[in-house]
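I opened this entry to look up sheets, helices, chain contact and charged pairs.

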There are 2 protein chains.
Amino acid sequence: MPNAATQPLFDCARELGIGFYLGFAELTIEGGVTHRFNTSILVDKAGRILGKYRKVHLPGHAEHEPWRPLQNLEKRYFEVGNLGFPVFRAFGGIVGMAICNDRRWPETYRVMGLQGVEMVLLGYNTPVHNPPSPEHDNLAHFHNELVMQAGAYQNGCWVVGVAKAGSEDGVRQIGNSIIVAPSGEIVAACPTEGDELAIARCDLDLTLSYKNTTFNFAKHRQPQAYGLIVERAGAIPPPLE
Amino acid sequence: MPNAATQPLFDCARELGIGFYLGFAELTIEGGVTHRFNTSILVDKAGRILGKYRKVHLPGHAEHEPWRPLQNLEKRYFEVGNLGFPVFRAFGGIVGMAICNDRRWPETYRVMGLQGVEMVLLGYNTPVHNPPSPEHDNLAHFHNELVMQAGAYQNGCWVVGVAKAGSEDGVRQIGNSIIVAPSGEIVAACPTEGDELAIARCDLDLTLSYKNTTFNFAKHRQPQAYGLIVERAGAIPPPLE
C-alpha cells in the first residue's frame, strides 16, 4: 500500500490534508510463506502509513455450507491477525483500529484501552440477515450500537464505526455508521441505507472525564481476578454435582 | 449467615420456596487475621447457601476527602474480594454474582461467561451524584443499563440488576433495577424511585441462541491477543516519538 488502485485515494487525501483508515484484503509473504489477512491501515494527512492492524476475530465458518442463503467464509480465506491490537500516536492523540466482528468483543477495546487509546476506528460489512441466528436480525442495529457504546464508555474513548450500507452481491447490509463519544453517547450517525457522510468534532480531551474517574484502570482494575480471560478460549461449565 | 437479623428472611423464603441473593458486609477471621469484604450469597429455595462472592471492584477512595459532599469509602473499609468470580449450579442452571461497581467492568461478565454463566445476579447502591464527575450524573441510568445490556449480550446470559432506590442518609440513589435478556434487551424494569417488584420469566435456554452462534467462545475468541488484560492494571500509553 498504496498500490495502483489506491494511489488516487492517497493523493486526494494528501492534497486535502485528510488522514484516513482503510481496510483491505492483505496478501503477504513472510518467512517464505504466503499469508492472507483482513487488514486495515492508518494513514496521516500527509499520506504516510502510520500503522497496520490485522483482524483478530474472524466470524463465520471455514467450509461452504449449502444450507446458508449467504456464506461467511472469513475463517476459510483469512488467518487470525498476528499483530495484536496495537495503538499509534496519530492526529494529536492515541488511535487504534478494529475490523467488523472485532467490535462485538470487549477484549478488543480493553487491550487498546490498556494502551491509552483515545479513538478506535473500525469498519464493518454486516448483513441484515445472519443465517445461524435469524432471531437476532431485528436486533442488528441495537447490537451494533450496544457494543460500540459499551466499548467507548468502558474505556473512555471515541469509537468511529463506519458501515457498508445498501446491498452488495444481493446481500442487504445494516449500515448504521455511528460516532460514539467517551460517554457512550452517539453523537453522529447515518440513518439511511444510502451513501452518507457523518461528521463530528471529536475532542480527545473528553476521554479524561472517564479515564481519570470511573475508569481509572490503575486504581480500580484487578487483573489477578481475570485469569480465565487468557487461560481458556471456550467456556467450561462447572462440574455437575 | 444466617444470623439472628437475617434468619427471618431465610425462614420466609424457605416457607415460600423462593431462592435469593443477599448482599452484606462480611467480617471474617481467616488464618488468624480479621478481614472485611463486601459480600453476597446465593441461597436456594430450601434456604441453603449455595455460594459466596466477594466484591472485586471496589470504587471510591481510601481516605476521607472533605471536598466531597458525600464519601465513597469502600476502599477504606473493605478488602478486594479473594474468591474471583465463581459460578454455581443453581435453580436448574449456572448462576453467578456481582456487586454494584463490578457491573461496569466487562471482565466481570467475561470471567463468568467463560464458566458458562446463564444468569448473573447483582445489586447496587448508586448515588445520582458522583462528586468527581458531576458531568456524568445525567447519564447515570444510561450507563447503568448500557453495561448490563452489553454484559448480557456479549456473554449470552441473563443479568438481574437490583437497585437501592430512594434516598439513604440524604443521598439520592438512581434506582433503575432492570432484568436483561441474553439478547441485551431489557425485559423488566422499575421505573420509579419507590419500592417496586419487577418480575420476568427467565428462560435459561434463551442463552443458547447467543452462546452457540455469535458468542461461541471456543470458535471465535483469541486469548493469545488478550495478554494485556491480565498483564497490567493501569493504562500505559505508547512512547512519545
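My notes follow, topic by topic.

**Ground rules**

I am working with a predicted model: local features need pLDDT of at least 70, side-chain atom pairs count only at pLDDT 80 or more, and totals for chains, interfaces and linings use all residues. Residues are numbered from 1 along each chain as its sequence is written, chains are lettered from A and ligands numbered from 1 in the order in which they are written, and side-chain values use heavy atoms, with hydrogens and water left out.

**Sheet in chain A**

I looked up the strand order first. Helices (H or I, at least four residues) and strands (E, at least two) are DSSP runs, numbered from the N terminus. Two strands pair if DSSP finds at least two bridges between them. I found an open sheet of six strands in chain A, ordered β4-β5-β6-β7-β10-β11, with mixed pairing. Its edges are β4 (87-90) and β11 (186-189) of chain A, each pairing on one side only. Neighbouring strands of this sheet are turned by 20° against each other on average, direction ignored. Axes here are lines fitted to C-alpha atoms, for helices over the stretch in contact, and angles run from 0 to 180 degrees between N-to-C directions.

I then checked one pair inside the sheet. Strands β6 (residues 119-124) and β7 (residues 158-163) of chain A pair in the parallel sense over six bridges. Gly123(A) has Val162(A) as its bridge partner in β7(A).

Which helices lie across these strands? Helix α3 (residues 106-113) of chain A lies across β4, β5 (93-99), β6 and β7 of chain A, at about 160° to β5(A). Helix α4 (residues 140-155) of chain A lies across β6, β7, β10 (178-180) and β11 of chain A, at about 25° to β10(A). Contact means heavy atoms within 4.5 Å.

I wanted the burial of α3(B). Buried means under 20% relative accessible area, exposed over 50%, partly exposed in between (1.4 Å probe, protein chains only). Eight of the eight residues of α3(B) are buried, so the helix is largely enclosed by the rest of the structure. Among them are Glu107(B), Tyr109(B) and Arg110(B).

Glu118(B) sits in the loop between α3 (106-113) and β6 (119-124) of chain B. A salt bridge is a side-chain nitrogen of Lys or Arg within 4 Å of a carboxyl oxygen of Asp or Glu. Not counting residues up to four places away in sequence, Glu118(B) touches several residues, including Trp158(B), Leu204(B) and Lys211(B).

**Chain A against chain B**

The contact takes 67 residues from chain A and 67 residues from chain B. The two chains bury about 6100 Å² between them, 65% of it on carbon and sulfur atoms. Arg89(A), Trp105(A) and Ile229(A) supply 11% of the area that chain A buries against chain B, more than any other three residues. Buried area is the accessible area (1.4 Å probe) that two parts lose on being put together, summed over both.

I counted four salt bridges between chain A and chain B. One salt bridge joins Glu107(A) to Arg110(B), with the closest N and O atoms 2.6 Å apart.

**Other salt bridges**

Over all chains the count comes to 24 salt bridges.

- Glu168(A) and Lys164(A) meet at 2.8 Å, N to O. Glu168(A) is partly exposed at 31% relative accessible area, and Lys164(A) is partly exposed at 29%.
- Lys55(B) and Glu74(B) meet at 2.9 Å, N to O. Lys55(B) lies in the loop between β3 (49-54) and α2 (74-77) of chain B and Glu74(B) in helix α2 of chain B, so the pair ties together parts 19 residues apart in sequence. Lys55(B) is buried at 1%, and Glu74(B) is buried at 14%.
- Arg172(B) and Glu193(B) have their closest N and O atoms 2.8 Å apart. Arg172(B) is in strand β9 (residues 171-174) of chain B, and Glu193(B) is in the loop between β11 (186-189) and α5 (208-211) of chain B.
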